[in-house]
Amino acid sequence: MEPRVLTHAVAGDGEPVVLLPGGLTGWGSWLPHAERLAARWRAIRVQPVHNELGSAGHPGDPAYTAALERACLRMTLDALAVGAAHMAGWSAGATAALDFALAHPERVRTLVLIEPGADWVLERLGERDPAAGRLEALLRAMAGRPVSEGDLADVLVALGLAPSAAEARADPDWERLAAHRAALSWHTEAAERFDWALADLGRLDLPVLLVKGAGSDAWLTRPVDALARLLPRASVLELPGGHACHIESIDIFLDAMGTHMRASA
């Protein structure tokens, strides 16, 4: 695969804010935030390669890597003539935003990371939770193959977004989520392998707002707590809700995000 400019949508003027989605439904999850941010900021929603192709039903490509996604994001900023931007990411998108900031700190003004799946940090600390390993095993078993509705239900339960597979299927959002389920087959080892050292985090000298849900399982919030110790300019915001707390508590989240970004001026 070759890097390319990501599919993107821009709303508003002002300082640019790049919004990176989670690993299943993609950029649609940021639409309500972008509409409100556009009153003050230039909100840029991007659709990562694995979201775009996965949502189109394509199984994961073994040539897809974290480095390729990082290069695509850089090309997208270049195409939009954005020198440096605020960046916010959720789950897999937060992991990608952190990766991009470590590689290109001069291109990032501030970071907002919502429950990043940065298990590489916990691995280097020797603090990885077994529950993270169980989710990884689920995703690795789906890599590069068609994803069934049963697979999707298992992942939603593992993420704490549903208490059981039956209740996952009964969720009003089930049909929408099921339409994007092939994106799960893109979470390969190569796509989630990061070669950074813990010392690299200590050198990332920019404001970082780490966000976690009060109702999230502990294994989902452990990367937040670890990053809060390792990043020199990090603060932590706990919101009502679970893994999607920035959606469930959107008013509180956007207020805190705006304050965080304005403070960097």
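Two strands are taken as paired if DSSP finds at least two bridges between them. Helices (H or I, at least four residues) and strands (E, at least two) are DSSP runs, numbered from the N terminus. The model is predicted: local features need pLDDT of at least 70, side-chain atom pairs count only at pLDDT 80 or more, and totals for chains, interfaces and linings use all residues. Residues are numbered from 1 along each chain as its sequence is written, and side-chain values use heavy atoms, with hydrogens and water left out.

Strand β5 (residues 108–114) runs parallel to β6 and is joined to β6 by four bridges; Ile114 stands opposite Val211 in β6. Six bridges pair β6 with strand β7 (residues 234–239), also in the parallel sense, and here Val208 is placed opposite Ala234 in β7. Together with helix α11 (residues 218–230), β6 and β7 make a right-handed β-α-β unit (with the strands pointing away from the viewer, the path from the first strand over the helix to the second runs clockwise).

Strand β6 (residues 208–213) is mostly covered, six of its six residues being buried (under 20% relative accessible area; exposed is over 50%, partly exposed in between; 1.4 Å probe, protein chains only). In a regular strand the side chains alternate between the two faces of the sheet. In β6, Val208, Leu210 and Lys212 point one way, whereas Leu209, Val211 and Gly213 point the other way.
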